[in-house]
Amino acid sequence: MKIGELSRRTDTPVRMLRYYEEQGLIHSERLPNGYRSYEDYVVDRVRQVRGLLEVGLPTRIIKQILPCLDGSRAIYLPYVTPDMIATLERERDRMAEKIECFTKNHRAINDYLDAVSHEIRAS
DNA sequence: GTTCTTACA
DNA sequence: TGTAAGTA
């Protein structure tokens with residue numbers, strides 16, 4: 001598929017898709033006319049990259065750990081370095097903190113909504 | 001009409 | 001990240 005379709009399917013700006021490629025996060029081949037051509041699996045790859053980005057991981061870290069998280073559950077032992085493990089543990093802990101924060105705010109908003117709805121029924 | 005690269009805000 | 005320019 002061409003970049004326009006990948007953009008629609010992943011709801012990602014074309015600009016960002018080219019940027020991800022520049023950062024080595026996704027791969028593409030070229031059509032005779034110079035247009036980028038993507039394999040179907042790239043759709044899931046982009047979604048995963050976006051997910052990691054949303055959690056706050058910088059592209060350089062993503063590029064570094066993507067091989068470990070990519071598609072198949074296979075483990076790439078040859079690429080496991082102490083440095084990589086440390087990075088993953090650090091990011092995992094960061095995510096845990098964010099989850100706590102989200103949970104807390106989710107409760108707060110939920111409680112507020114709950115109180116408001118009761119208020120409306122009472123009035 | 002779609003995509004490409006480069007460059008600027 | 002968005003957008004503009006000039007192409008292919």
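A residue is near a molecule or strand if one of its heavy atoms lies within 4 Å of it. In this predicted model, local features need pLDDT of at least 70 and side-chain atom pairs count only at pLDDT 80 or more, while totals for chains, interfaces and linings use all residues. Residues are numbered from 1 along each chain as its sequence is written, chains are lettered from A in the order in which they are written, and side-chain values use heavy atoms, with hydrogens and water left out.

Of the DNA strand C atoms within 4 Å of the protein, 29% belong to sugar or phosphate, and the rest belong to bases. The residues around DNA strand C are Pro13, Arg15, Met16 and Tyr35.

For DNA strand B, 81% of the atoms within 4 Å of the protein belong to sugar or phosphate, and the rest to bases.

A polar backbone atom of Gly4 is 2.7 Å from one. A polar side-chain atom of Arg18 lies 2.8 Å from a phosphate oxygen, and an N or O atom in the side chain of Arg30 is also 2.8 Å from a phosphate oxygen.

## Helix α1

Helix α1 covers residues 3-10; helices are DSSP runs of H or I with at least four residues, and strands are runs of E with at least two, numbered from the N terminus. In α1, Ile3, Leu6, Ser7 and Thr10 are buried, meaning under 20% relative accessible area with a 1.4 Å probe, protein chains only. These residues are on the same side of α1 because they cover an arc of only 105° around the axis, taken from the directions from the helix axis to the C-beta atoms.

The buried residues of α1 pack against α2 (14-22), β2 (36-37) and α3 (41-54). Asp11 follows α1 and has a positive phi, near 55°.

## The nonpolar core

A nonpolar core is a set of buried Ala, Val, Leu, Ile, Met, Phe, Trp, Tyr and Cys residues joined through side-chain atoms within 4.5 Å. The largest one here has 19 residues, and Leu6, Tyr20, Tyr38, Val46 and Ile62 have the most contacts inside it. At least two residues of this core come from each of α1, α2, α3 and α4 (59-69). The most come from α3, which gives 5 residues.

Methods. A polar contact is a pair of N or O atoms within 3.5 Å; within protein, one must be able to donate a hydrogen and the other to accept it, and residues adjacent in sequence count only if both atoms are side-chain atoms. Buried means under 20% relative accessible area, exposed over 50%, partly exposed in between (1.4 Å probe, protein chains only). Contact means heavy atoms within 4.5 Å.
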